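Here is a short walk through one structure. Keep the sequence and the 3D view at hand.

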Amino acid sequence: MTFTLIDPSTGAAFREVHRADVEEVDAAVARAVVAQRSWAALAPVARADALRAFARAVEEHIDELARLEVLNSGHPIGSARWEASHVAQVLNFYAGAPERLSGQQIPVAGGLDVTFHEPYGVVGIIVPWNFPMTIASWGFAPALAAGNAVVLKPAELTPLTAVRLGELALEAGLPEGLFQVITGSGSIVGQRFVSHPDVRKVVFTGSTAVGTDVAAGCARELKPVTLELGGKSANIVFADADLEKAAAAAPGAVFDNAGQDCCARSRILVERSVYDRFLELLEPAVAAWRVGDPALESTEMGPLISAAHRSTVASFLEGADVAFRGSAPEGDGFWFAPTVVLAGREDRIAREEVFGPVVAVLPFDDEADAIALANDTAYGLAGSIWTENLGRAVRVSRGVKSGVLSVNSHSSVRYWTPFGGMKASGLGRELGPDAAEHFTETKNVFFATDAS
Ligand code: TXE
């Protein structure tokens, strides 16, 4: 059994990929159990060295990985190269973790009390199609660093870079069975990660609906789970902001990766007194956003991932008040022009995740209204605040219920700072200084020292 991969920029089928069944998942988990025991028993420096070797192998194959992502996912080559080098950086960062997973020494009379960070064992990682390599690395790098084995399931649509990373791990000298990439469907391979008794933790990134199911399944097994889910993040522009800068940055914040980004600032909230001026500034910035062949260095945005996804995105424009659109190529491929919509607070476009290059613009009245509107969503992943008023920046960033905010910029993901969502956007945090610890359980041991 296989599934067919399609180049999103041409619509042409180019490869068949194996669809694993439950028996193959069970065999992989059995191999992982064995590999994990030896891996966890290694000296911390040996695990650190192995991860650095894996990082070097990724660095040496950045161009190859990037080209695979252009073909399989339609990412612009510049972005794809950044993604591949990000994987190497994530591996290098967590290569520092094995020697830093320190426990505590807690004062207890009559002895010595210490804690250990014990690895879970085998960790199952389920990733989506929007950022196939980077999201996978946020799971596997800290999980491996903490002494776990990893089974990774890429999305059906975009398995190629994950499969290549699995090969590079072996070429770099990681032990057989320690990091295995299993291609297949969510309902078979993903669900088996949830139900398999030897997979002791699950990391899931994807839709809120499936994530909720995965969490429910993990609850039945008393299995910890990390969830990175959807978003409807607000880009809040106050009248006292540098409007030129805010407008120039807005397209990148929502149209990057064709809007297929959980952190996409897909609602722009603008203070009413500067609403018209902001739209005047936004229009040329959207027109200048370069959509086209992802193989070209100059391209800023490629196609959507699939024909089905393009239909879903298009459905959001039915009855919508479109203010203006950018351009996109005609013809084959799943192209969609960047679109700016004027929305009311109850409109579908203002409430649901589009996961495409469509942004809803809404006016607000004052600071309290901006916070209330930003929070008027089931989600709570990211957001941006544009203001020149420091006190307001502090108040609004504390008031918005999101896991990752930026003031006067749109940055959300740095591997050395924590990342994750509140409310329907997720559970737990990835990346940052503590991520390796999240792949361990604390063990407390008391050593009696009384002589008698
Ligand atoms: O996600 P799914 P899809 C949103 C976005 C998008 C929509 C659907 O709105 O349009 O979700 O995308 C695996 N048990 N996001 O269908 O289905 C699946 O094989 C275990 C937002 O791709 O959630 C894939 O590997 N696993 C999000 C992964 O889960 C299962 C990123 C994600 O698939 C499973 C992606 C099951 N029962 C989509 N069913 C973001 N905000 O970053 C599927 N999977």
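A residue counts as buried under 20% relative accessible area and as exposed over 50%, with partly exposed in between. The model is predicted.

Six strands form an open sheet with mixed pairing, in the order 7-6-5-8-9-17. Strand 7 (179–181) and strand 17 (426–427) are its edges, and each pairs on one side only. Further in, strand 5 (residues 122–126) runs parallel to strand 8 (residues 199–205), and five bridges join them.

Now turn to the charges. Side chains of opposite charge can pair when their charged atoms come close. The count here is 19 salt bridges. One of them joins Lys 153 and Glu 156, at 3.6 Å from N to O. Lys 153 has a relative accessible area of 2%, so it is buried. Glu 156 has 31%, so it is partly exposed.

Lys 443 meets Glu 118 at 3.1 Å, N to O. Lys 443 sits in strand 18 (residues 440–448) and Glu 118 in strand 4 (residues 111–119), 325 residues apart. Lys 443 is partly exposed, at 40% relative accessibility. Glu 118 is also partly exposed, at 27%.

Finally, find a network: salt bridges link Glu 64, Arg 164, Glu 167 and Glu 171.

Note on methods:
Residues are numbered from 1 along each chain as its sequence is written. This is a predicted model: local features need pLDDT of at least 70, side-chain atom pairs count only at pLDDT 80 or more; totals for chains, interfaces and linings use all residues. Side-chain values use heavy atoms; hydrogens and water are left out. Two strands pair if DSSP finds at least two bridges between them. Helices (H or I, at least four residues) and strands (E, at least two) are DSSP runs, numbered from the N terminus. A salt bridge is a side-chain nitrogen of Lys or Arg within 4 Å of a carboxyl oxygen of Asp or Glu. Buried means under 20% relative accessible area, exposed over 50%, partly exposed in between (1.4 Å probe, protein chains only).
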